[in-house]
Amino acid sequence: PVDIVVLVDESGSMSNADVAQEAEAAAAIVQTLLDPHSRVTVIGFGGNNGDALNQHPTTVVCTPTIINSTANLRYLAHCAGKLRPRTFAEGNNTDYAAALGEAISFLSPGSHFGKLSPHGAAKAIFLMTDGGLDDTGDPQYPQPYWETTAYQAVNHELAVARHAGVQVWPLGFGTISSSNEQYLKYLAANGAQKACGPAASQPHAIIVKKSADSLQALYSLYAAAVCDGVRGGTIII
């Protein structure tokens, strides 16, 4: 079994079509899981931009659900449809630290939900995004020079992920700069690194040009994460 949290970017740079593609991919990957004891959580994320009080950088749209019944599969397919681009007033930054922290709270062995994780499950975060870290205006970071503190916050969450045995598998799409692409690769390389098979199953990032390609890319990441269809270092879908 696997215990998966799918993090879906709802930041201001996302179009309705982009988020719809992410939601479709998040819902579809559930149908791919082979072990009925597997568990899935889906979380949308943006980031506090300081425009309004009580902005929440993350929203749990699908609570942790075991895929052991038709009703649960239907729930996961339906709840992913709640994902949508955030408005500026809702907090439409891109806060990777908050997103990773929320995901890890469902997977960490010491948390309430972590203790309910399926026995022996591999733990993984699939992070879907169209860009890089952006905490502009976030009051928890020094402004306007938020970068150093924000990147340190991400590093802290990655350290927690390593300790908890949680892998990070980023999926980037759209026009992503080379520096942001390298950072997604950095996220993959600095979560837990336990692999189930050959080198192709080590956590890594995939970058695609269009959100329409996100479903196939997510399938590839999942296949690598569980060593399903990995042959001789090549992922077969």
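How many residues has helix α6, and how far does helix α6 reach from its first C-alpha to its last?

View 1. Helix α6 (residues 178–190) has 13 residues and reaches 18 Å from its first C-alpha to its last. That is close to the 18 Å expected at 1.5 Å a residue, the expected span being 1.5 Å times one less than the number of residues. Helices (H or I, at least four residues) and strands (E, at least two) are DSSP runs, numbered from the N terminus.

**View 2. The buried residues of α6.** Tyr 183, Leu 184, Leu 187 and Ala 188 are buried (under 20% relative accessible area, 1.4 Å probe, protein chains only). They cover an arc of only 145 degrees around the axis, so they lie on the same side of α6. The arc is taken from the directions from the helix axis to the C-beta atoms. The buried residues of α6 pack against α3 (96–107), β4 (122–129), α5 (147–164), β5 (166–173) and β6 (206–208).

**View 3. Contacts of Phe 126.**

**View 4. Residues 230–237.** The mean pLDDT of the chain (the predictor's confidence in each residue, from 0 to 100) is 87. Over residues 230–237 the pLDDT is below 50.

**Notes.** Residues are numbered from 1 along each chain as its sequence is written. In this predicted model, local features need pLDDT of at least 70, side-chain atom pairs count only at pLDDT 80 or more, and totals for chains, interfaces and linings use all residues, while side-chain values use heavy atoms, with hydrogens and water left out.

Key. Contact means heavy atoms within 4.5 Å. Buried means under 20% relative accessible area, exposed over 50%, partly exposed in between (1.4 Å probe, protein chains only). Lists of a residue's contacts leave out its neighbours within four places in sequence.
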